[in-house]
Amino acid sequence: MRVGVLTGGGDCPGLNGVIRALVRRGTQEFGYDFVGFRDGWRGPLEGDTIPLDVAAVRGILPRGGTILGTSRTNPLKQAPGDGRSGLDRVKDNLAGLGVDVLVAIGGEDTLGVATALHAEGVPVVGVPKTIDNDLGATDYTFGFDTAVNIAMEAIDRLHTTAESHHRALIVEVMGRNAGWIALHAGMAGGANVILIPEKPFSIDKVCEYVESRFQTRYAPIVVVAEGARPVDEGVSLLDQRLDAFGHVRLGGIGQLLEGEIEKRTGKEARCTVLGHIQRGGTPTAFDRVLATRFGLQAIGAVRNGAFGMMMSLQGTQIVRVPLAEATREPKLVPPERYAEAEVFFG
Ligand code: F6P
């Protein structure tokens, strides 16, 4: 049995833990042979591979990123110019390399391509990944816990400098459509305002709250997810570039708030954008364990011929769900979660 492995989409801490578990169990327990594909779907599209054996995965558990590389290449949008579709080219390359099963580790976009490939008869097993934690078919994905801890530590540090300078400090965190990182890091870090994509906010109300915080001896900390948007007319963000899956490159909401808070309250405001720091570096213990469990179970699914399935954490159990479910409904922060927090949500 020859198993191909790829990691697609934005990287996140824990990807190497999945690869390591797949290869170790697959080789040592089942006698499988592995081939790594470089840079997400670009690898199978172009037949670009990397050797993958037990020696190659030694020592990678604490390492962030992915030893396979990643990209947002979308084979469903590629027309190589030789009459074949991108998907056909992937299929031909897999067959040419003698790959019997493909394990795709990725988020909604990567698993969407995996779903399409499986529908065309290719044996595929999926492992969910996103630091945003917004994949519907699993309670958690690895990478999220690491990102939340990084953001929480940043908020802890910003409290003391905000108080010393009597400034409003704004922290922009990742979260395209879902505010899970902002919610968890904001709650864990004791932020005063949390702004998330699920709940459009009024800048005036945020400013009122910021001013009321200054009446006390505390300086306000505002956590804003990059995808959060004001209801106000006439304020807009600059960057509108799209990636291969049609997503807008986000950013700028923290900067916008900095300017609006200063203008409307007369108080000094400063913004810190955490950006890719949240995705880099070593995974937390929680993420290492989850990634390892996903990897072990995914190669078990290969062994059982459970193709077209994705690993999912439900409660404390890892179960298999149809790949198509992973991409069906995004998991957003429900209103009851922000209603219960003693924080201002805009
Ligand atoms: O989808 C995960 C994510 O980290 C989002 O939170 C963010 O908008 C996006 O990826 C940024 O990705 P990149 O900068 O790698 O294109």
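How many Å separate a polar side-chain atom of Arg72 from an oxygen atom of the ligand? Select both and look: the distance is 2.7 Å. Keep in mind that this is a predicted model.

**Stop 1: the ligand**

Stay with the ligand. Select Glu226 next. A polar side-chain atom of Glu226 lies 2.5 Å from a ligand oxygen. Then pick Gly175, where a backbone N or O atom lies 3.4 Å from an oxygen of the ligand. The protein covers 77% of the 400 Å² of accessible area that the ligand has on its own.

Now show the whole shell: Arg72, Ile131, Asp132, Met174, Gly175, Arg176, Glu226, His276 and Arg279. It divides into 2 nonpolar, 2 polar and 5 charged residues. Color domain 1 (2-142 + 283-326) and domain 2 (144-280). Both give residues to this shell, so the ligand lies between them.

**Stop 2: Arg279 and Asp11**

Select Arg279 again, this time with Asp11. They form a salt bridge, with the closest N and O atoms 3.0 Å apart. Arg279 sits in the loop between strand S9 and helix H9, and Asp11 in the loop between strand S1 and helix H1, so the pair ties together parts that are 268 residues apart in sequence. Arg279 is buried, at 14% relative accessible area. Asp11 is partly exposed, at 22%.

**Stop 3: two helices**

Go to helix H2. Arg42 and Glu46 meet there in a salt bridge of 2.7 Å, N to O. They are 4 residues apart, about one helical turn.

Finish in helix H3 with Asp88 and Lys91, 3 residues apart. Their salt bridge spans 3.7 Å, N to O. Asp88 is partly exposed at 30% relative accessibility, and Lys91 is partly exposed at 23%.

Key
Residues numbered from 1 in each chain as written. Predicted model: local features only at pLDDT ≥ 70, side-chain atom pairs only at ≥ 80, totals over all residues. Heavy atoms only, no water. Near = heavy atom within 4 Å. Polar contact = N/O pair within 3.5 Å; in protein donor to acceptor, adjacent residues only side chain to side chain. Areas by Shrake-Rupley, 256 points an atom, 1.4 Å probe, with all protein chains shown as cover. Nonpolar A, V, L, I, M, F, W, Y, C, P; charged D, E, K, R; others polar. Domains from an automatic or database assignment. Salt bridge = Lys/Arg side-chain N within 4 Å of Asp/Glu carboxyl O. Buried < 20%, exposed > 50% of the residue type's maximum accessible area, 1.4 Å probe, protein only.
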